[in-house]
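This report goes through one protein chain, part by part. Please keep the sequence and the 3D view open while reading.

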Amino acid sequence: FLFVALIVLLMKSTLFVVLVISSLAVTIADAYEGTILDVQAASDASGSHYGYKVYKPDGYDTSNNDYCAVLFLHGMDERGNGQLPSLNKVATHGPLTEIQNGRVIPCLVFAPQSWSGDLAWNQHDVERYLRNMLDT
């Protein structure tokens, strides 16, 4: 019934659909709580740092459910060495900030920290971070 109602409402009012979807997401997300874990960097052979934060919804480790994942790439002001306290910069903006402010996001959130010497993200950095995060 809800799915059909959303289709009908979509034709009449986009704003109303956004509100309905938003409250549906909050209702579903209310069942989830989670934790933010710090994974501090260890240097690899190239000297790159792989520190990151990961948010895991409550029950993730014991669930058989599939979870979507968000990879949050920060801006230049959040670069650092992948160690605490520098690693906390990746939660200054974006989804981790929203989670810390009480918003519940029912998916995994990965927030790697690029090395302070890097000027910008590049494809190779992102691939290395993903491989490292998936391997740990």
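## The loop at Gln 40

Gln 40 sits in the loop that runs between β1 (34–39) and β2. Helices and strands here are DSSP runs (H or I of at least four residues for helices, E of at least two for strands), numbered from the N terminus. The model is predicted: local features need pLDDT of at least 70 and side-chain atom pairs count only at pLDDT 80 or more, while totals for chains, interfaces and linings use all residues. Residues are numbered from 1 along each chain as its sequence is written, and side-chain values use heavy atoms, with hydrogens and water left out.

Gln 40 is partly exposed, because its relative accessible area is 39%; buried means under 20%, exposed over 50%, and partly exposed in between (1.4 Å probe, protein chains only). Gly 51 is eleven residues from Gln 40 in sequence, yet their C-alpha atoms are 4.4 Å apart in space. Apart from neighbours within four places in sequence, Gln 40 has contacts with Gly 51, Gly 82, Gln 83, Leu 84 and Leu 87. A contact means heavy atoms within 4.5 Å.

## The chain as a whole

The chain has four helices and four strands, and their order along the sequence is α-α-β-β-β-α-β-α. Of its 136 residues, 30% count as buried. Among contacts between residues at least 6 apart in sequence, 60% join residues at least 24 apart.

The chain exposes about 8,600 Å², of which carbon and sulfur atoms supply 59%. Accessible areas come from the Shrake-Rupley method with a 1.4 Å probe, and for residues only the protein chains shown count as cover.

## Helix α4

Helix α4 (residues 123–135) has 13 residues, which at 1.5 Å a residue should span 18 Å; its end C-alpha atoms are 18 Å apart, so the two values agree. The expected span is 1.5 Å times one less than the number of residues.

Which residues of α4 are buried? They are Asp 125, Val 126, Tyr 129 and Met 133. These residues lie on the same side of α4, because they cover an arc of only 95 degrees around the axis, taken from the directions from the helix axis to the C-beta atoms. They pack against β2 (52–57), β3 and β4 (108–112). On the face turned away from this buried side are the exposed residues Gln 123, His 124, Leu 134 and Asp 135.

## Salt bridges

The whole structure contains three salt bridges, each defined as a side-chain nitrogen of Lys or Arg within 4 Å of a carboxyl oxygen of Asp or Glu. One joins Asp 38 and Lys 53, at 2.3 Å from N to O. Asp 38 is in strand β1 and Lys 53 in strand β2, so this pair ties together parts that are 15 residues apart in sequence. Lys 53 is buried at 5% relative accessible area, whereas Asp 38 is partly exposed at 36%.

Another links Asp 61 with Lys 56, with the closest N and O atoms 3.5 Å apart. Asp 61 is exposed at 61%, and Lys 56 is partly exposed at 22%. Glu 98 and Arg 103 also form a salt bridge, at 3.7 Å from N to O.

## A nonpolar surface patch

Leu 71, Leu 73, Leu 130 and Leu 134 form a nonpolar patch on the surface, with about 340 Å² of accessible area together. Patches are made of residues with over 30% relative accessible area and no salt bridge; like charges are joined within 9 Å, and nonpolar side chains (Val, Leu, Ile, Met, Phe, Trp, Tyr) within 5 Å. Leu 71 belongs to strand β3 (residues 69–71) and is partly exposed at 32% relative accessibility.
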